[in-house]
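Here's a quick briefing for anyone opening this structure for the first time.

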Amino acid sequence: MKKLLALALASAMALSLVACGSSDDNKSGGTSTPSTGSSTSTGAGSSAEEPVELSGDLVLYSSMTDPDLDALITCFNEKYPDIEVEVVNGSAGELTTRLTGEASNPVGDLVWGGMADSDGDRYADIFESWVSVHDAENMPGYTSPNGLYSMDHLSTVVFCINKDLEAELGLEINSYEDLLDPKLKGQIVTADPNSSSSAWNNLSNIMAVYGMDSDEAWAYIEKLMPNLVIAGSSSAGFKSVQQGEYAVGLTYEDGAVTLIKDGADNIRLQYPEEGTSATAFGVALVKNGPNPENAKAMIDFICSAEGQTALAAYQEGTLRYTNANYEAPENAWLAPSSDIKWVDRDVSYLTENKDAILEHWNELWAEVMG
(Lines give C-alpha, C1' and ligand atoms only; values in the text may rest on other atoms or scores of the structure.)
Protein backbone atom coordinates (compact mmCIF):
# COMPACT_ATOMS: atom_id res chain seq x y z
CA MET A 1 0.00 0.00 0.00
CA LYS A 2 1.45 3.34 -1.01
CA LYS A 3 1.91 5.80 1.84
CA LEU A 4 2.55 9.51 1.34
CA LEU A 5 4.81 10.90 4.05
CA ALA A 6 5.06 14.69 4.16
CA LEU A 7 7.52 17.13 5.78
CA ALA A 8 9.65 15.29 8.33
CA LEU A 9 9.18 11.88 6.72
CA ALA A 10 11.28 12.53 3.65
CA SER A 11 13.03 9.16 3.65
CA ALA A 12 11.29 5.82 3.37
CA MET A 13 12.00 3.03 5.81
CA ALA A 14 12.08 -0.71 5.21
CA LEU A 15 8.82 -2.24 6.30
CA SER A 16 8.39 -5.59 8.00
CA LEU A 17 4.81 -6.78 8.21
CA VAL A 18 5.76 -9.84 10.23
CA ALA A 19 6.32 -7.75 13.35
CA CYS A 20 2.74 -6.48 13.21
CA GLY A 21 1.24 -9.75 14.42
CA SER A 22 0.46 -10.35 18.10
CA SER A 23 2.69 -12.71 20.05
CA ASP A 24 1.27 -14.99 22.71
CA ASP A 25 4.76 -15.91 23.90
CA ASN A 26 5.95 -12.44 24.94
CA LYS A 27 4.06 -11.10 27.95
CA SER A 28 4.85 -8.91 30.91
CA GLY A 29 2.81 -7.83 33.91
CA GLY A 30 0.99 -4.48 33.90
CA THR A 31 -0.27 -2.38 36.80
CA SER A 32 -1.54 1.13 37.34
CA THR A 33 2.12 2.15 37.52
CA PRO A 34 3.51 2.90 34.03
CA SER A 35 4.58 -0.42 32.55
CA THR A 36 5.50 -2.10 29.31
CA GLY A 37 2.41 -4.25 28.90
CA SER A 38 0.01 -6.82 30.31
CA SER A 39 -0.40 -10.56 30.31
CA THR A 40 -3.99 -10.62 29.05
CA SER A 41 -5.49 -9.72 25.71
CA THR A 42 -9.26 -9.78 25.76
CA GLY A 43 -12.34 -7.72 24.99
CA ALA A 44 -12.87 -5.19 22.25
CA GLY A 45 -9.17 -4.88 21.52
CA SER A 46 -8.55 -8.56 20.76
CA SER A 47 -7.08 -9.66 17.45
CA ALA A 48 -10.28 -11.67 16.78
CA GLU A 49 -11.98 -8.47 15.55
CA GLU A 50 -12.72 -8.41 11.85
CA PRO A 51 -11.77 -5.06 10.27
CA VAL A 52 -14.51 -3.05 8.61
CA GLU A 53 -13.86 -2.62 4.90
CA LEU A 54 -12.68 0.96 4.54
CA SER A 55 -10.80 2.71 1.76
CA GLY A 56 -9.74 6.14 0.62
CA ASP A 57 -7.52 8.79 2.10
CA LEU A 58 -6.44 9.62 5.64
CA VAL A 59 -4.35 12.64 6.66
CA LEU A 60 -2.51 12.09 9.93
CA TYR A 61 -1.02 15.06 11.77
CA SER A 62 1.60 13.80 14.19
CA SER A 63 4.44 14.82 16.48
CA MET A 64 5.63 11.22 16.82
CA THR A 65 9.05 10.02 15.67
CA ASP A 66 9.73 8.49 12.26
CA PRO A 67 10.03 4.94 13.72
CA ASP A 68 6.70 5.37 15.56
CA LEU A 69 5.00 6.50 12.37
CA ASP A 70 6.60 3.76 10.32
CA ALA A 71 5.29 1.19 12.79
CA LEU A 72 1.78 2.65 12.84
CA ILE A 73 1.34 2.96 9.09
CA THR A 74 2.77 -0.49 8.42
CA CYS A 75 0.63 -2.24 11.02
CA PHE A 76 -2.50 -0.19 10.31
CA ASN A 77 -2.24 -0.89 6.56
CA GLU A 78 -1.91 -4.59 7.29
CA LYS A 79 -5.43 -4.37 8.74
CA TYR A 80 -6.75 -1.65 6.42
CA PRO A 81 -4.79 -2.05 3.15
CA ASP A 82 -7.07 0.20 1.12
CA ILE A 83 -6.58 3.32 3.25
CA GLU A 84 -3.83 5.59 1.92
CA VAL A 85 -2.17 7.51 4.76
CA GLU A 86 -0.47 10.88 4.38
CA VAL A 87 1.54 12.21 7.33
CA VAL A 88 2.18 15.82 8.25
CA ASN A 89 4.84 15.87 10.97
CA GLY A 90 5.49 18.71 13.41
CA SER A 91 5.47 19.75 17.05
CA ALA A 92 2.24 19.84 19.04
CA GLY A 93 2.22 23.64 18.88
CA GLU A 94 2.78 23.71 15.13
CA LEU A 95 0.04 21.18 14.46
CA THR A 96 -2.61 22.76 16.67
CA THR A 97 -1.82 26.19 15.20
CA ARG A 98 -2.22 24.74 11.72
CA LEU A 99 -5.51 23.08 12.65
CA THR A 100 -6.82 26.35 14.10
CA GLY A 101 -6.01 28.08 10.82
CA GLU A 102 -7.74 25.30 8.86
CA ALA A 103 -10.83 25.20 11.08
CA SER A 104 -13.24 26.35 8.35
CA ASN A 105 -11.88 23.76 5.90
CA PRO A 106 -9.86 21.08 7.74
CA VAL A 107 -7.18 19.14 5.89
CA GLY A 108 -6.15 16.80 8.70
CA ASP A 109 -8.27 13.94 10.00
CA LEU A 110 -6.61 13.14 13.32
CA VAL A 111 -3.64 14.06 15.49
CA TRP A 112 -1.39 11.46 17.15
CA GLY A 113 1.13 12.57 19.74
CA GLY A 114 1.57 15.85 21.56
CA MET A 115 -1.98 15.80 22.96
CA ALA A 116 -1.21 15.64 26.68
CA ASP A 117 -3.32 14.74 29.69
CA SER A 118 -2.75 18.24 31.12
CA ASP A 119 -4.23 20.11 28.14
CA GLY A 120 -7.75 20.32 29.55
CA ASP A 121 -10.28 21.50 26.98
CA ARG A 122 -8.06 24.15 25.38
CA TYR A 123 -8.39 22.46 21.98
CA ALA A 124 -12.13 21.86 22.07
CA ASP A 125 -12.55 24.12 19.04
CA ILE A 126 -10.49 21.88 16.75
CA PHE A 127 -11.26 18.36 18.03
CA GLU A 128 -14.48 16.35 18.16
CA SER A 129 -15.88 15.24 21.51
CA TRP A 130 -15.28 11.59 20.68
CA VAL A 131 -13.05 8.90 22.19
CA SER A 132 -12.28 5.33 21.25
CA VAL A 133 -14.21 2.53 22.94
CA HIS A 134 -10.78 1.12 23.86
CA ASP A 135 -9.99 4.15 26.02
CA ALA A 136 -12.01 2.46 28.78
CA GLU A 137 -9.54 -0.46 28.73
CA ASN A 138 -6.63 1.70 29.85
CA MET A 139 -4.74 1.29 33.11
CA PRO A 140 -6.25 3.25 36.02
CA GLY A 141 -5.41 6.92 35.76
CA TYR A 142 -4.87 6.89 32.00
CA THR A 143 -8.37 7.18 30.50
CA SER A 144 -9.39 10.30 28.59
CA PRO A 145 -9.09 13.42 30.79
CA ASN A 146 -11.33 15.59 28.63
CA GLY A 147 -13.52 13.59 26.23
CA LEU A 148 -11.41 14.88 23.31
CA TYR A 149 -8.37 12.62 23.52
CA SER A 150 -8.18 8.83 23.42
CA MET A 151 -5.10 8.14 25.54
CA ASP A 152 -2.69 5.60 24.05
CA HIS A 153 0.90 5.97 25.26
CA LEU A 154 3.15 7.35 27.97
CA SER A 155 6.11 9.67 27.60
CA THR A 156 8.55 9.25 30.48
CA VAL A 157 11.05 11.97 31.33
CA VAL A 158 14.73 11.07 30.93
CA PHE A 159 18.08 12.73 30.39
CA CYS A 160 19.79 11.71 27.15
CA ILE A 161 23.53 11.96 27.83
CA ASN A 162 26.41 11.98 25.39
CA LYS A 163 28.90 9.69 27.11
CA ASP A 164 31.94 11.14 25.33
CA LEU A 165 31.14 14.76 26.28
CA GLU A 166 30.24 13.67 29.81
CA ALA A 167 33.70 12.10 30.15
CA GLU A 168 35.45 15.12 28.57
CA LEU A 169 33.77 17.42 31.08
CA GLY A 170 34.76 15.12 33.94
CA LEU A 171 31.16 14.70 35.06
CA GLU A 172 28.82 11.91 36.12
CA ILE A 173 25.30 13.09 35.39
CA ASN A 174 22.60 11.24 37.30
CA SER A 175 20.37 13.83 38.94
CA TYR A 176 18.75 17.20 38.56
CA GLU A 177 21.31 18.64 40.93
CA ASP A 178 24.08 17.39 38.60
CA LEU A 179 22.60 19.50 35.80
CA LEU A 180 23.48 22.68 37.72
CA ASP A 181 27.23 22.18 37.28
CA PRO A 182 28.77 25.30 35.66
CA LYS A 183 30.62 23.03 33.22
CA LEU A 184 27.24 22.38 31.57
CA LYS A 185 26.62 26.02 30.64
CA GLY A 186 25.17 25.91 27.12
CA GLN A 187 25.45 22.11 27.11
CA ILE A 188 21.86 21.12 28.02
CA VAL A 189 19.32 21.19 25.20
CA THR A 190 15.56 21.28 25.59
CA ALA A 191 12.66 22.36 23.44
CA ASP A 192 10.39 25.33 24.22
CA PRO A 193 7.72 24.41 26.80
CA ASN A 194 5.38 26.98 25.22
CA SER A 195 5.10 24.91 22.04
CA SER A 196 6.67 21.52 22.73
CA SER A 197 4.88 18.76 24.61
CA SER A 198 8.19 17.11 25.51
CA ALA A 199 9.56 20.32 27.04
CA TRP A 200 6.33 20.83 29.00
CA ASN A 201 6.64 17.20 30.11
CA ASN A 202 10.13 17.92 31.47
CA LEU A 203 9.02 21.12 33.19
CA SER A 204 6.12 19.18 34.73
CA ASN A 205 8.52 16.59 36.11
CA ILE A 206 10.64 19.27 37.78
CA MET A 207 7.42 20.44 39.43
CA ALA A 208 6.63 16.86 40.47
CA VAL A 209 10.08 16.47 42.03
CA TYR A 210 10.43 19.87 43.72
CA GLY A 211 6.80 20.77 44.35
CA MET A 212 3.99 22.01 42.14
CA ASP A 213 4.61 25.68 41.42
CA SER A 214 6.64 25.85 44.61
CA ASP A 215 9.38 28.33 45.52
CA GLU A 216 11.81 25.40 45.58
CA ALA A 217 10.87 24.37 42.03
CA TRP A 218 11.26 27.88 40.64
CA ALA A 219 14.53 28.40 42.50
CA TYR A 220 15.85 25.24 40.87
CA ILE A 221 14.62 26.30 37.42
CA GLU A 222 16.26 29.71 37.79
CA LYS A 223 19.61 28.04 38.58
CA LEU A 224 19.19 25.61 35.66
CA MET A 225 18.35 28.18 32.98
CA PRO A 226 21.93 29.46 32.34
CA ASN A 227 22.90 25.92 31.31
CA LEU A 228 19.98 25.54 28.88
CA VAL A 229 19.74 25.97 25.13
CA ILE A 230 16.23 26.12 23.64
CA ALA A 231 15.93 24.12 20.41
CA GLY A 232 13.23 24.30 17.79
CA SER A 233 12.07 20.70 18.01
CA SER A 234 11.53 17.97 20.58
CA SER A 235 13.78 15.55 18.71
CA ALA A 236 16.79 17.81 19.33
CA GLY A 237 16.75 16.50 22.90
CA PHE A 238 18.17 13.21 21.67
CA LYS A 239 19.30 13.66 18.06
CA SER A 240 21.59 16.64 18.69
CA VAL A 241 23.01 14.94 21.78
CA GLN A 242 23.82 11.81 19.79
CA GLN A 243 25.44 14.03 17.14
CA GLY A 244 27.71 15.59 19.77
CA GLU A 245 26.23 19.10 19.75
CA TYR A 246 25.22 18.97 23.42
CA ALA A 247 26.15 16.90 26.46
CA VAL A 248 22.61 16.46 27.80
CA GLY A 249 19.10 16.53 26.39
CA LEU A 250 15.99 16.91 28.53
CA THR A 251 13.78 14.54 26.60
CA TYR A 252 11.59 11.42 26.62
CA GLU A 253 12.65 7.81 26.80
CA ASP A 254 11.19 6.37 23.59
CA GLY A 255 12.91 8.88 21.32
CA ALA A 256 16.31 8.31 22.90
CA VAL A 257 15.99 4.55 23.33
CA THR A 258 15.13 4.16 19.65
CA LEU A 259 18.50 5.70 18.75
CA ILE A 260 20.21 3.22 21.07
CA LYS A 261 18.26 0.34 19.54
CA ASP A 262 19.39 1.50 16.12
CA GLY A 263 23.05 1.35 17.14
CA ALA A 264 23.93 4.68 18.80
CA ASP A 265 26.48 3.65 21.41
CA ASN A 266 27.67 7.13 22.40
CA ILE A 267 24.55 8.03 24.37
CA ARG A 268 22.84 6.69 27.47
CA LEU A 269 19.49 7.21 29.19
CA GLN A 270 19.38 8.45 32.75
CA TYR A 271 16.18 8.60 34.78
CA PRO A 272 16.61 11.49 37.26
CA GLU A 273 17.72 10.09 40.60
CA GLU A 274 15.19 12.31 42.35
CA GLY A 275 12.43 10.57 40.41
CA THR A 276 10.61 10.64 37.10
CA SER A 277 7.02 10.67 35.91
CA ALA A 278 5.15 10.27 32.66
CA THR A 279 2.73 12.32 30.65
CA ALA A 280 -0.08 10.34 29.06
CA PHE A 281 -0.48 11.30 25.42
CA GLY A 282 -3.42 10.69 23.17
CA VAL A 283 -4.87 10.73 19.72
CA ALA A 284 -7.70 13.07 18.73
CA LEU A 285 -10.30 13.29 15.97
CA VAL A 286 -10.21 16.57 14.02
CA LYS A 287 -13.52 18.39 14.04
CA ASN A 288 -15.18 18.19 10.61
CA GLY A 289 -12.18 16.41 9.11
CA PRO A 290 -12.64 15.08 5.57
CA ASN A 291 -12.32 11.35 6.37
CA PRO A 292 -13.88 10.76 9.81
CA GLU A 293 -14.59 7.03 9.46
CA ASN A 294 -11.03 6.27 8.42
CA ALA A 295 -9.76 8.46 11.23
CA LYS A 296 -11.90 6.66 13.81
CA ALA A 297 -10.61 3.33 12.53
CA MET A 298 -7.02 4.47 13.06
CA ILE A 299 -7.78 5.84 16.53
CA ASP A 300 -9.45 2.58 17.51
CA PHE A 301 -6.46 0.65 16.17
CA ILE A 302 -3.96 2.79 18.09
CA CYS A 303 -5.93 2.41 21.33
CA SER A 304 -6.76 -1.29 21.13
CA ALA A 305 -4.81 -4.06 22.82
CA GLU A 306 -4.44 -5.63 19.37
CA GLY A 307 -2.97 -2.48 17.86
CA GLN A 308 -0.66 -1.71 20.78
CA THR A 309 0.60 -5.30 20.86
CA ALA A 310 1.36 -5.09 17.13
CA LEU A 311 3.10 -1.73 17.49
CA ALA A 312 5.12 -2.90 20.50
CA ALA A 313 6.26 -5.99 18.61
CA TYR A 314 7.22 -3.98 15.53
CA GLN A 315 9.17 -1.45 17.61
CA GLU A 316 10.68 -4.07 19.94
CA GLY A 317 9.18 -2.35 22.97
CA THR A 318 10.47 1.22 22.67
CA LEU A 319 7.21 2.91 23.70
CA ARG A 320 5.06 2.44 26.82
CA TYR A 321 1.37 2.03 25.96
CA THR A 322 -1.70 2.56 28.13
CA ASN A 323 -4.08 -0.31 27.31
CA ALA A 324 -4.03 -2.66 30.29
CA ASN A 325 -4.30 -5.66 27.98
CA TYR A 326 -1.55 -5.07 25.48
CA GLU A 327 1.40 -7.44 25.36
CA ALA A 328 4.96 -6.13 25.34
CA PRO A 329 7.65 -8.21 23.62
CA GLU A 330 10.04 -10.09 25.84
CA ASN A 331 12.99 -8.25 24.27
CA ALA A 332 11.61 -4.78 25.07
CA TRP A 333 14.26 -2.05 25.08
CA LEU A 334 12.58 0.01 27.79
CA ALA A 335 13.68 -0.43 31.40
CA PRO A 336 11.18 -2.36 33.54
CA SER A 337 8.93 -0.08 35.53
CA SER A 338 10.13 -1.73 38.75
CA ASP A 339 13.66 -0.44 38.08
CA ILE A 340 12.58 3.20 37.94
CA LYS A 341 11.90 5.63 40.79
CA TRP A 342 8.50 7.17 40.08
CA VAL A 343 7.12 10.39 41.56
CA ASP A 344 3.49 11.47 41.53
CA ARG A 345 2.42 14.22 39.16
CA ASP A 346 -0.57 16.44 39.95
CA VAL A 347 -2.12 16.49 36.48
CA SER A 348 -5.17 18.47 37.60
CA TYR A 349 -2.99 21.27 38.98
CA LEU A 350 -0.88 21.35 35.84
CA THR A 351 -4.00 21.51 33.68
CA GLU A 352 -5.56 24.35 35.63
CA ASN A 353 -2.35 26.35 35.96
CA LYS A 354 -0.48 25.68 32.71
CA ASP A 355 -0.87 29.22 31.36
CA ALA A 356 0.33 30.77 34.63
CA ILE A 357 3.29 28.38 34.88
CA LEU A 358 4.36 29.15 31.31
CA GLU A 359 3.99 32.87 31.93
CA HIS A 360 6.26 32.52 34.99
CA TRP A 361 8.74 30.49 32.92
CA ASN A 362 8.81 33.13 30.16
CA GLU A 363 9.31 36.01 32.59
CA LEU A 364 12.08 34.15 34.39
CA TRP A 365 13.76 33.15 31.12
CA ALA A 366 13.78 36.78 29.93
CA GLU A 367 15.19 37.90 33.26
CA VAL A 368 17.92 35.25 33.49
CA MET A 369 18.93 35.12 29.83
CA GLY A 370 18.23 38.74 28.92
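Just past helix α9, E316 takes a positive phi of about 60°. Keep in mind that this is a predicted model. From here we'll go back into the helix itself, then over to a pocket and a loop.

**Helix α9**
- This helix runs over residues 305–315 and is mostly covered, with ten of its eleven residues buried.
- Among the buried ones are A305, G307, L311 and Y314, along with E306 and Q315.
- What covers them includes α1, β5, α7, α8 (292–303) and β11 (320–321).

**The largest pocket**
- There's about 570 Å³ of space in the largest pocket.
- Its lining is made up of 31 residues, and S63, M64, T65, S235 and Y252 are the ones nearest the centre.
- Elements that each supply at least two lining residues include α1 (66–79), β4 (110–116) and β5 (149–162).
- Helix α7 gives the most to this lining, with four residues.
- Sorted by class, the lining has 17 polar, eight nonpolar and six charged residues.

- You'll find P106 in the loop between α2 and β4.
- Why does P106 count as buried? Its relative accessibility is 13%, and buried means under 20%.
- P106 and G289 sit 183 residues apart along the chain, yet 5.4 Å separates their C-alpha atoms.
- Setting aside neighbours within four places in sequence, P106 is in contact with V286, K287, N288, G289 and P290.

Key. Residues are numbered from 1 along each chain as its sequence is written. This is a predicted model: local features need pLDDT of at least 70, side-chain atom pairs count only at pLDDT 80 or more; totals for chains, interfaces and linings use all residues. Side-chain values use heavy atoms; hydrogens and water are left out. On a 1 Å grid over the protein atoms alone, a cavity is a set of points where a 1.4 Å probe fits but cannot get out, and a pocket is an open set with protein on both sides within 12 Å along at least five of seven lines; lining residues have an atom within 4 Å of a point. Grid points are joined across faces, edges and corners, and a volume is the space filled by probe spheres set on the points. Ala, Val, Leu, Ile, Met, Phe, Trp, Tyr, Cys and Pro count as nonpolar, Asp, Glu, Lys and Arg as charged, and the others, Gly among them, as polar. Buried means under 20% relative accessible area, exposed over 50%, partly exposed in between (1.4 Å probe, protein chains only). Contact means heavy atoms within 4.5 Å.
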